[in-house]
Amino acid sequence: MKPPPFAYAAPETVTEAVRLLTENAESEPRVLAGGQSLIPLMNFRLAKPGYLIDLRKVAGLSGIRREGDVLVVGAMTRLAELERSPEVATAAPLVAEAVELVAHTPIRNRGTIGGSLAHADPAAELPAAALALDAELVAVGPAGSRTVPVAEFLQGPFTTALRPDEILTEIRLPVWHGGHAFVEYARIHANFAVVAVAALVTLDGGQIRRAAIALTGVAPTAIRARAAERVLAGAAGGAAAVAAAADAAVEGLAPSGDLHASPATRLALARTYVRRAIQLAISRAQNER
Amino acid sequence: MASQTRPISLTVNGRPVTADVEPRKLLVDFLREDLGLVGAHIGCEQGVCGTCTVLLNGASIRSCITFAVQADGAEVSTVEGLAGHGELHPLQDEFSEKQGLQCGYCTPGMLMRAREILAQNPDPTLTQVREAIASNLCRCTGYQFIAEAVLAAAARMREPKEVAP
């Protein structure tokens, strides 16, 4: 199938892109980043934007730079660039590990970090990684720019706090000092995850000082497992504490089932993968010392 | 809505191309219909199967989920540009030698993906090749002969080039 006709513009500045979004509001415009989610939806005619605003020519939207304890990633930065970046490997290895699980190389050559987060597929990897890191997203609209914590940004399946006249320009990833792990269960390598888990731990002596855990596949969006984080804080990080954290992570969750996994299967997978993620993050934190 | 065309200019297999295209025209359709380069095949039209794989500035992409307008200013390489001077590329030669194809539908995409794999890693292991070509579906071969062909081509491409007298 082919997409229905649409008007198209490739502006060169964010201001111009925002103006086009605002002025063509009645055409239901969409922003085109890498297009790896939007164009399949358009081919199926599930998405029929009347106007596409292609960000490929907008200067300054792509790139990775370190600002103290924050890794700043331009929204149009391709996933393949994140995968290869020594900066990402050093400052946000959790993101590097998550990106490797996103589809295949040809998709990662086109797909962008901003596109993935703005698309907000409930099964995608990057929202969980961003959530564990407490990333901040910078959005630019007619009134200027604002910064939105990723926990507020992710509102539901394919639903974000991004307003119709706003463009996501930058992702700010705090540098985590300690161990990380991003693990997932997918039916086939490179498929969307049935369940994915991002875990971060910081050790202090023999104890876990701080932990951050995010899950995908058990709720309408990626979620933080705050109860599990509280179980881990101050614990010695032995098998019992890790198991208790895994139990706490899934307590009270009511995932919906689908063709790929029933609710019970998702909960069982989540418990197992939270445990594995924490264990891996702890062992990496130990090796870093 | 009136479908206005947009001018684009790009390089395809080393040749400069200018054209007016509808923004909704997919790159694979532009290559096949406007340029007559029918090597890139259309399979799933949703970015899953990989038979439409071409290189955009050296990186493999799905041309069925890329608009032609997005390739404006870029360098596109298709399977038609793989052989040079009447000689098959080592990858093509080894796909033929090792029976890395049966029906041939996936072959152009598989060859272009293999070209990127070897550009990034000239000496991959069998496991690395198998993992890397997982991006492209083949329903005939079971992949084994494709992976062997890629390894054989890699070995040939690593040999020092013979210098013509």
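1. How many residues does helix H12 of chain A have, and how far does it reach from its first C-alpha to its last? Helix H12 (residues 263–288) of chain A has 26 residues and reaches 37 Å, close to the 38 Å expected at 1.5 Å a residue; the expected span is 1.5 Å times one less than the number of residues. Helices (H or I, at least four residues) and strands (E, at least two) are DSSP runs, numbered from the N terminus.

2. A word on the basis of this note. This is a predicted model, in which local features need pLDDT of at least 70 and side-chain atom pairs count only at pLDDT 80 or more, while totals for chains, interfaces and linings use all residues. Residues are numbered from 1 along each chain as its sequence is written, and chains are lettered from A and ligands numbered from 1 in the order in which they are written.

3. The buried residues of H12(A) include A:Arg266, A:Leu269, A:Tyr273, A:Val274, A:Ala277, A:Ile278, A:Ala281 and A:Ala285. A residue is buried if 20 or more other C-beta atoms lie within 10 Å of its own, exposed if 12 or fewer, and partly exposed in between, with C-beta atoms placed from the backbone. An α-helix has 3.6 residues a turn, so residues three or four places apart point the same way. The buried residues of H12(A) pack against strands S11, S12 and S13, helix H10 (226–232) and helix H11 (239–250) of chain A.

4. Strand S12 (residues 195–204) of chain A is mostly covered, with eight of its 10 residues buried. Strand S11 (residues 179–185) of chain A runs antiparallel to S12(A) and is joined to it by seven bridges; two strands pair if DSSP finds at least two bridges between them. Within this pairing, A:Gly179 has A:Val201 as its bridge partner.

5. S12(A) also pairs with strand S13 (residues 207–216) of chain A, in the antiparallel sense and over nine bridges. Here A:Ala196 stands opposite A:Thr216. The two strands form a hairpin with two residues between them, and A:Gly205 in the turn has a positive phi of about 65 degrees.

6. The domain assignment of chain A gives domain 1 (7–54), domain 2 (64–174) and domain 3 (179–288); such bounds come from an automatic or database domain assignment. The C-alpha centres of domain 1 and domain 2 of chain A lie 19 Å apart. In the contact, 12 residues of domain 1 of chain A meet 17 residues of domain 2 of chain A, where two residues are in contact if their C-beta atoms, placed from the backbone, lie within 7 Å. Helix H1 (residues 14–23) of chain A gives the largest share of the domain 1 side, five residues. By class, that side has seven nonpolar, five polar and no charged residues. Ala, Val, Leu, Ile, Met, Phe, Trp, Tyr, Cys and Pro count as nonpolar, Asp, Glu, Lys and Arg as charged, and the others, Gly among them, as polar.

7. Chain B is divided into domain 1 (6–81) and domain 2 (90–158), and the C-alpha centres of these domains lie 21 Å apart. Their contact takes 14 residues from domain 1 of chain B and 13 residues from domain 2 of chain B. On the domain 1 side, strand S3 of chain B gives the most, with three residues. That side comprises seven nonpolar, seven polar and no charged residues.

8. Helix H3 (residues 107–120) of chain B has 14 residues, of which 12 are buried. Among the buried residues are B:Pro108, B:Met110, B:Arg113, B:Glu116 and B:Ile117. Their cover includes helix H6 (105–108) of chain A, together with strand S3 (53–56), strand S4 and helices H2 (90–97), H4 (126–132) and H5 (144–158) of chain B.

9. B:Val21 lies in strand S2 (residues 15–21) of chain B and counts as buried because it has 22 C-beta neighbours inside 10 Å. B:Val21 and B:Thr5 are 16 residues apart in sequence and 4.8 Å apart in space, C-alpha to C-alpha. Not counting residues up to four places away in sequence, B:Val21 touches residues including B:Phe30 and B:Val69. B:Phe30 is one of the buried residues of helix H1 (residues 27–34) of chain B, and the buried residues of H1(B) pack against S2 of chain B.

10. Between the chains, 24 residues of chain B are in contact with 26 residues of chain A. Strand S4 (residues 59–62) of chain B gives the largest share of the chain B side, four residues. The residues of that side divide into nine nonpolar, nine polar and six charged.
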